[in-house]
Amino acid sequence: SLTQFRLKSTSSPIQITGLDHLVLTAKSIEDTAAFYSQALGMEITTFKGNRKALSFGNQKFNLHETPVSKVSEHLKTCGVHIEEGPIERTGAVSPITSVYFRDPDNNFIEVSSYLSDKQ
């Protein structure tokens with residue numbers, strides 16, 4: 001099961017002073033890169049072969065595509081209980097495949113991809 005973290009009255013012995021990068025999972029790296037570069041002025045960069053990132057200042061978002069089936073496998077490996085899925089659903093613009101689970105705060109989370117995407 002997932003480890004539950006509780007806030008304690010003691011302060012943390014560490015303090016984050018910077019951020020090198022975050023990884024964003026995208027259904028389409030091309031569409032995500034275009035959005036962030038056009039809407040927020042981030043620079044699209046290529047590294048390690050043909051991997052893409054969005055750079056801004058001294059930070060970047062590395063972009064990674066992951067189909068729902070792989071997300072489901074990974075969640076199970078992490079001990080996350082899958083409440084439902086992968087299952088086909090009706091999305092806002094076209095059919096999707098979704099997997100449903102809860103985070104440590106019991107929020108109901110849906111991760112989905114369009115059926116036209118790679119599964």
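Biologist: Let's start with Val23: leaving aside its neighbours within four places in sequence, which residues is Val23 in contact with?

Modeller: Contact means heavy atoms within 4.5 Å. By that rule, and with neighbours within four places in sequence set aside, Val23 touches Asn62 and His64. A word on the source: this is a predicted model, where local features need pLDDT of at least 70 and side-chain atom pairs count only at pLDDT 80 or more, while totals for chains, interfaces and linings use all residues. Residues are numbered from 1 along each chain as its sequence is written, and side-chain values use heavy atoms, with hydrogens and water left out.

Biologist: Where does Val23 lie?

Modeller: Val23 belongs to strand β1. Helices (H or I, at least four residues) and strands (E, at least two) are DSSP runs, numbered from the N terminus. Val23 and Lys60 are 37 residues apart in sequence, yet 8.5 Å apart in space, C-alpha to C-alpha.

Biologist: What is the order of the four strands in the open sheet?

Modeller: The general idea: strands of a sheet pair through backbone hydrogen bonds, either parallel or antiparallel. Here two strands pair if DSSP finds at least two bridges between them. The order is β1-β4-β3-β2, and the pairing is mixed. Because β1 (21-26) and β2 (43-47) each have a single partner strand, they stand at the edges and one side of each has no neighbour in the sheet. On average, neighbouring strands are turned by 30 degrees against each other, direction ignored.

Biologist: How many bridges join β2 to β3?

Modeller: Five bridges, and β2 and β3 (residues 51-56) run antiparallel. For instance, Thr45 has Ala53 in β3 as its bridge partner.

Biologist: Which helix packs on the sheet?

Modeller: Helix α1 (residues 29-40) does, touching β1, β2, β3 and β4 (59-65). The direction of α1 makes about 155 degrees with that of β4. Axes are lines fitted to C-alpha atoms, for helices over the stretch in contact, and angles run from 0 to 180 degrees between N-to-C directions.

Biologist: Which residues of helix α2 are buried?

Modeller: Buried means under 20% relative accessible area, exposed over 50%, and partly exposed in between (1.4 Å probe, protein chains only). In α2 (residues 68-77), Val68, Val71, Ser72 and Leu75 are buried. They cover an arc of only 100 degrees around the axis, so they sit on the same side of α2. That arc is taken from the directions from the helix axis to the C-beta atoms. An α-helix has 3.6 residues a turn, so residues three or four places apart point the same way.

Biologist: What covers the buried residues of α2?

Modeller: The cover includes β5 (82-90), β6 (95-102) and β7 (108-114). Take Val68, which counts as buried at 1% relative accessibility. The C-alpha atoms of Val68 and Val111 are separated by 6.9 Å, although the two are 43 residues apart along the chain.

Biologist: How many aromatic pairs are found in the whole structure?

Modeller: A pair of aromatic rings is described by the distance of the centres and the angle of the planes. Rings of Phe, Tyr and Trp (its six-membered ring) pair if their centres lie within 6.5 Å; planes under 30 degrees apart count as stacked, over 60 as edge-to-face and the rest as tilted. The search finds four pairs. Phe56 and Phe61 are edge-to-face, 5.1 Å centre to centre with 65 degrees between the planes. Tyr100 and Phe108 are stacked, at 5.3 Å and 10 degrees.
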